[in-house]
Amino acid sequence: MFHVMLVPTLNCPSNCSYCWGSKEDTGIMDIGIIEEVVNWLIEYREDPIHFTFHGGEPLLAGYDFYKKALPMLREGLGEREAGFSLQSNLWLLTDELAQLLRDYGVAVSSSLDGPKDINELQRGEGYFDKTMKGYEIAQKNGLLVNFICTFTSYSKNRVDEIFDYFLEKGYNLKLHPALPSLRGNNSDPWAISPEEHGKLLIILLEKYLEHLDEIEIKDFDHFCKSYFIRKGTVCILADCLGDTLAVDFEGNIYPCYRFVEMPAYVMGNVRQKPTPEILQESKAWKTIKEYMDLVDEDCKKCRYIKMCRGGCPYNALQADKGEVKNVDPQCTAYQMIFDDISKRATKEMMSNMMPSDPGQRTGKKGIMSLMIK
Ligand code: SF4
Ligand code: SF4
């Protein structure tokens, strides 16, 4: 599916210690840019579109912005299907915003790193209470929220406690490893290594499999499904070039939100209504295409190439200071989790075919249930 990330601002009222996604005093998107986005997309591609509002903090754009932007994006594109997501810390959520987002079926994700003290340490004092207040407003108004849990060099040592927290609360989550950024080094002390990332995934998969009826961890659903169908079902496991684009508050187009506000990665501007062919001529497009060619060569002997596709080009460019030299350093983590999934699938199949004790067929959900989910 075609995915367009809209970044209404990079400003954010929070100041999380390891965040590289916010920037002070940047502009805020005017509704005129959304109009330009619609005019551009009418011609650009014809398939269904998913829009994600990202930031900074996208709710800084305010109720009036979303009140106009959501119908414009849904109705302006005619018969085409348009879905929405939004990633926010929820601090600015109000009843009327929650109702509006609910009415447009916006899938909201919010960052929460586990129990309060971990959030206070990693995200700053007051973060937890403000986010929880927003979550209560969302719940009261029937707006669904999933949480994104970032694991850092600190919280990787408190995995059991963090998992139990989400399990007890009944919150679904997505995982996010703290990784270094191309835009600065404030996240570096919090970053986890690819090996630590791989170990974390294996530990959490084990826990997830014990509680499949009680919690959902989207990342494992994607890893297992991608393994099963031999094709990535999420951007980091697929060729994202061209299928994901990001638009900032000035209408500049980038390959992904992770490159926003980096002039070297601007591919065009929605005001000029660039065609795919024009974007393909940009330096940023060519850099990522060069990365895909490198993956075809460097990963060709890897048994997971079809469902990994070299991971995330941003991670690779970050590691080599903007140059295309090596594949995503998280390769180690991807190999570790795919090896684990592969072993578990084989074991599960064997025990289903030949249970040593017929009583072993408990009907309990396992890794195969995630593959066909
Ligand atoms: S650059 Fe990375 S995060 Fe961005 S769309 Fe591509 S794979 Fe996803
Ligand atoms: S697991 Fe590593 S070697 Fe295999 S496709 Fe992914 S990045 Fe390439």
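Reader: Which residues surround ligand 1?
Author: In this predicted model, the residues of the shell around ligand 1 divide into 7 nonpolar, 1 polar and 1 charged. Ligand 1 is surrounded by Cys235, Ile236, Cys240, Thr244, Cys256, Arg258, Cys312, Pro313 and Tyr314.

Reader: Thr244 also belongs to strand 7; which residues of strand 7 are buried on its two faces?
Author: In a regular strand the side chains alternate between the two faces of the sheet. Strand 7, which comprises residues 244–247, is covered on both faces, and the buried residues are Thr244 and Ala246 on one side and, on the other, Leu245 and Val247.

Reader: In which sense, parallel or antiparallel, does strand 7 run with strand 8?
Author: Strand 7 and strand 8 (residues 252–254) form a hairpin with 4 residues between them, and Gly251 in the turn has a positive phi of about 90 degrees. Val247 has Ile253 as its bridge partner in strand 8. The two strands are joined by 2 bridges, and they run antiparallel.

Reader: What is the bridge partner of Val4 in strand 7?
Author: Strand 1, made of residues 2–6, pairs with strand 7 in the parallel sense, and this pairing extends over 4 bridges. Within strand 7, the bridge partner of Val4 is Leu245.

Reader: Which helix supplies the largest share of the shell around ligand 2?
Author: The shell around ligand 2 includes Cys299, Cys302, Ile305, Cys308, Cys331, Tyr334 and Gln335, and its residues divide into 8 nonpolar, 3 polar and 1 charged. At least two residues of this shell come from each of helix 11 and helix 13. The largest share, 3 residues, comes from helix 13.

Reader: How many Å apart are the end C-alpha atoms of helix 13, and what span should its residues give?
Author: Helix 13 covers residues 331–353, and its 23 residues, at 1.5 Å a residue, should span 33 Å. The computed separation agrees with this expectation, because the end C-alpha atoms are likewise 33 Å apart.

Reader: Against which helices do the buried residues of helix 13 pack?
Author: An α-helix has 3.6 residues a turn, so residues three or four places apart point the same way. In helix 13 the buried residues are Cys331, Ala333, Tyr334, Ile337, Phe338 and Ile341. These buried residues pack against helix 7 (194–210), helix 8 (218–229), helix 11 (305–308) and helix 14 (367–371).

Technical notes:
Residues numbered from 1 in each chain as written. Chains lettered and ligands numbered in written order. Predicted model: local features only at pLDDT ≥ 70, side-chain atom pairs only at ≥ 80, totals over all residues. Near = placed C-beta within 6 Å. Nonpolar A, V, L, I, M, F, W, Y, C, P; charged D, E, K, R; others polar. Expected span 1.5 Å × (residues − 1). Buried ≥ 20, exposed ≤ 12 C-beta atoms within 10 Å, placed from the backbone. Contact = placed C-beta atoms within 7 Å. Pairing = 2+ DSSP bridges.
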